[in-house]
Amino acid sequence: MYSNKENVNILTALLVRHGVQCAVVCPGSRNSAIVHNLHECPDIQCFPVTDERSAGFYALGMAQALRKPVVVCVTSGTALLNLAPAVAEAYYQHIPLVAVSADRPPQWIDQLDGQTLPQPDALGRFVRKAVSLPEPTDADTRWYCNRLVNEALIAARQCGGGPVHINVPITEPLFEYTVAELPQERLIESVAADMSPATLSHVTRMFLQAKRPMLITGQPMNPLLDEAVSLVGEDETYIPDFVLYIGGSIVSKRLKRFLRKAKETWVVNATGEVTDTFMNLTHVFQGDGEAVADHIRFMLVMEPHPFVQQWDALLASIRQQAEAYEPVYSEMAAVKYFEHHVGDAEVHYANSSAIRLANIFAQHPVWCNRGVNGIEGSLSTAAGFSCVTSKPVFCVIGDLSFFYDQNALWNQNLKGNLRILLLNNGKGGIFEMLPGLEQSPARDAFVAAEHHTSAEGICQENDIVYLSASDMPQMRAGIDTLLNIESSRPVLLEVFTSPSPDATALQSFFMFLDKKDVRT
Ligand SMILES: Cc1ncc(C[n+]2csc(CCOP(=O)(O)OP(=O)(O)O)c2C)c(N)n1
Ligand SMILES: [Mg+2]
C-alpha cells in the first residue's frame, strides 16, 4: 500500500516512469511518506544514509555509475541545506541528482514551527530547476503537480544533465498508507537536438586546418600535461594557436596559464554556456563534446597532424620517464605502485595530492569531485558508486578528506568491492607545497590541520578490513592485498607517510624530468 498523499504518489509514479532506479533515503518523519513509497515501489531500490551531506554524495556516485538520475530524499529544515555541497558538485559535473525534500505546508513557514525554513529555492543557483509541488485538491492542481514533476525530471537530463530540486509540502497526518496502486501519470518526454553534421565537420575542419591545434578534453585529468607544460617553458613551438576545449575543469593551474597563450579557444559543451577558462574564447558550440572529440581523434588517425604528433611524442617521452622515476617512500610511491597494478578498474581520487598524483601515473579515466574541488564528499561518492556496481571500486584519498567524510563508512550496504587507499601524511600535505606559506607559524597546526589520527578505530567500528603500511615493502604488500584479497566487507589500507618526503618526491620528479630534457 502507498501513502495517501496525492503529491507523493504522483511524484513516485513519475520517478518510475522517468527511469529512476535508486534512491538514497535519509531518516525523518516529514519525508517518511516519500521514503515509504520509494521502498514500496518494486522498481526503485532504497539505500539508507543518515548524514544528508554524505547521502548527497552517495547519490552522486550512484548517478555516475548508473548514468541515470538518482534521488536523494531528505526531511525538512537543515536536512535540505546539508545537500548543498553534493548538489553544487553535481551541477558542475553535470550529474542528474534529484534532491527531494519534504516540507511543511507553506502557511507554516517562518511561524516558529519546528524543523522549518524557506525551502523552495534553498539550493539556489546550484540546481537546474527547483519546483515546489502543490497538495492537489482538484483536477487543475493535479495536472499542475504532474507537470512540475515532469519539468524537473526533464531538466535533470537536459543539456548534459544536472541536479534538480523537488520540494514536497505534506500536511499532517503523515502516516496513512491506504492507496493500493500508484496513479497512472502522464509522462512528458523531451528529445534533445544533436549537433548538426555541418557543425561537426566545421569544427573538425577548423581543428585539422589549424597550424598548431590542441584538443583539451573534459576528464578530471589531463594526464602529464602539467609536467609537459612545465618542461616546455617559453618554447614557442609548443604553444597552440587553436584550442578545442571539451568542457570540464582542469586540475593544473600551470596548464590553464599556458593555454591562455593560445590565439583562440573554441568550446563544445552540452549547455552552450560561456566558459572562458583560457581567456581567449571565440566560439561556443552546444553539443556532445565527447562525440566531437572522438570524431577528431578518428580523423587524426587518418590524417596525422604534425603539431599533435609533436605533443604526443613529448607526452610519451614524459610517460616513459614517469615509469622510470623511482620516488622515495611517499604518497607518490604508493600511487605509482597502485596505478601500476590496478588495471582497468573504477578509481575515485579525492582532491588535493591524490588527484595530482593520478595525473602523473593513471593511464585510464578516473573519477574525481573536480566540479568544485571539495574534500568533503569523495569517500561518500566512491561508496555510493560501489553500492550499485559489482565491479571493484577504489578510492584513493588523503587523511583530512578521509576523516572529514568518515560517515561514508557508517553504512551497512557497503560490500567487499569498496577498497580504500588512505594516504595518511598527518595533515593537508598540499600546504607543504605552497611557496611562501612556510613563513606562517600557523601553517602546520592551523592551515594544514596537523593531527595524529589513524583510521584503525573507524574501521573496527564499521567492520572494515584494516591494513596498514609504514615503509616501502609494507606499502607494496598492502597494495597487493588491497587489490586481490577476497572480502565481503570493504577493505582499507592506511599508508603512513610524512609530508616532507611527499613534497620532495614530487619536486625531485620535476627535476628528474628537467635533467632528462625529454623534448625531442
Ligand atoms: C570542503 C573543503 N574544505 C577545505 C578545502 C581546502 N583544502 C584543499 S586540499 C586540503 C587538504 C587536504 O588534505 P588531505 O586530504 O590530507 O590531502 P593531502 O593534501 O595531504 O594530500 C584542504 C583543506 C576544500 N578543498 N574543500
Ligand atoms: Mg594529508
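I began with a word I needed: buried means under 20% relative accessible area, exposed means over 50%, and partly exposed is in between, with a 1.4 Å probe and protein chains only. I also noted that helices (H or I, at least four residues) and strands (E, at least two) are DSSP runs, numbered from the N terminus.

Entry 1, ground rules. This is a predicted model, where local features need pLDDT of at least 70 and side-chain atom pairs count only at pLDDT 80 or more, while totals for chains, interfaces and linings use all residues. Residues are numbered from 1 along each chain as its sequence is written, chains are lettered from A and ligands numbered from 1 in the order in which they are written, and side-chain values use heavy atoms, leaving out hydrogens and water.

I looked up residues 353-361 and found eight of the nine buried, so helix α13 is largely enclosed by the rest of the structure. Among the buried ones I saw S353, I355, N359 and F361.

Strand β13 (residues 393-398) runs parallel to β14, joined by six bridges; two strands pair if DSSP finds at least two bridges between them. I traced one bridge from F394 to R419 in β14.

How far apart are the axes of α3 (residues 52-66) and α5 (residues 84-93)? I found 8 Å, with an angle of about 25 degrees. Axes are lines fitted to C-alpha atoms, for helices over the stretch in contact, and angles run from 0 to 180 degrees between N-to-C directions. The two helices are therefore roughly parallel to each other; angles under 35 degrees count as roughly parallel, over 145 as roughly antiparallel, 65 to 115 as roughly perpendicular and the rest as oblique.

Helix α7 (residues 197-209) packs against α10 (residues 289-302) at about 50 degrees, with axes 10 Å apart. That makes α7 oblique to α10.

I found E236 in the loop between α8 (225-232) and β8 (242-246). At 60% relative accessibility, E236 counts as exposed.
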